[in-house]
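Biologist: I would like to learn how to read a structure of this kind. Please show me the sequence and the model, and I will ask as we go.

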Amino acid sequence: MIRLRHDNRSMPALNTASLPDLIFTVLFFFMIVTHMRKATIKVEYTLPQGKELTRLTKKSAVTYIYIGHMSRQDNNGNATTDDVIQLNDKIATTDDIADYIAAEKQRMSPDDQARMTVSVKADRHTPMSLINDVKRAIRAGGATRINYSADSFSDNLKEK
């Protein structure tokens with residue numbers, strides 16, 4: 001008869017010495033990859049919808065201009081909405097855009113200056129005259145690449 005020996009061996013403890021290094025490596029990875037929003041958006045806007053959209057590749061060379069509605073009360077207490085332009089965290093006029101673009105261009109590296117793109121995020125109901133004024137001011141500031149942001153069509157919004 002064959003007798004089996006039972007060893008009373010136990011499982012060795014897991015070495016966790018390298019665990020903090022792994023956690024910090026993953027943390028640094030997400031800190032580098034994550035794009036933090038620079039400005040707090042104060043205007044309300046709904047992007048228009050488009051069919052042939054492309055993504056911007058180099059985000060460090062992109063400057064954003066927001067055009068939308070801002071609700072306020074007039075002297076009589078009535079609520080009104082105005083079309084306003086936001087540059088970084090402040091509300092501006094079309095006269096401020098050229099100086100803003102020139103300052104943003106100077107802030108960038110020479111490589112990014114050559115590829116500088118201004119992305120206009122405008123509400124779908126913004127008058128075209130305001131968008132044309134903004135476009136002229138961007139060109140006066142020295143930027144030649146202008147991108148207009150849009151959302152893609154969803155299945156229930158597609159034209160037939």
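Biologist: Does Glu 104 count as buried or exposed?

Modeller: This is a predicted model. The cut-off for buried is under 20% relative accessible area. Glu 104 has 12% relative accessibility, so Glu 104 counts as buried. Glu 104 sits in helix α2.

Biologist: Which residues is Glu 104 in contact with, leaving aside neighbours within four places in sequence?

Modeller: Those residues are Thr 63, Asn 88 and Met 116.

Biologist: How are two packed helices described?

Modeller: The description uses the angle between their axes and the distance between the axes. Here α2, residues 94–107, packs against α4, residues 128–140, at an angle of about 30°, and the axes are 7 Å apart. Because of that angle, α2 is roughly parallel to α4. The two helices make a right-handed crossing.

Biologist: Which residues meet in α2 and α4?

Modeller: From α2 come Thr 94, Ile 97, Ala 98 and Ile 101. They meet Leu 130, Asp 133, Val 134, Ala 137, Ile 138 and Ala 140 of α4. By type, this contact has 8 nonpolar residues, 1 polar and 1 charged.

Biologist: Where in the chain is confidence lowest and where is it highest among these elements?

Modeller: Where pLDDT is low, the predicted coordinates should not be read in detail. Strand β3, residues 79–87, has the lowest confidence, with a mean of 85, and α4 has the highest, at 94. The chain averages a pLDDT of 84, and 89% of the residues score at least 70. Over residues 155–160, however, the pLDDT is below 50. Beyond near neighbours in sequence, that stretch has 3 contacts in the model.

Definitions and conventions. Residues are numbered from 1 along each chain as its sequence is written. This is a predicted model: local features need pLDDT of at least 70, side-chain atom pairs count only at pLDDT 80 or more; totals for chains, interfaces and linings use all residues. Side-chain values use heavy atoms; hydrogens and water are left out. Axes are lines fitted to C-alpha atoms, for helices over the stretch in contact, and angles run from 0 to 180 degrees between N-to-C directions. Helices (H or I, at least four residues) and strands (E, at least two) are DSSP runs, numbered from the N terminus. Angles under 35 degrees count as roughly parallel, over 145 as roughly antiparallel, 65 to 115 as roughly perpendicular and the rest as oblique. A crossing is left-handed if the near helix is turned anticlockwise from the far one by less than a right angle, and right-handed if clockwise. Contact means heavy atoms within 4.5 Å. Ala, Val, Leu, Ile, Met, Phe, Trp, Tyr, Cys and Pro count as nonpolar, Asp, Glu, Lys and Arg as charged, and the others, Gly among them, as polar. pLDDT is the predictor's confidence in each residue, from 0 to 100. Buried means under 20% relative accessible area, exposed over 50%, partly exposed in between (1.4 Å probe, protein chains only).
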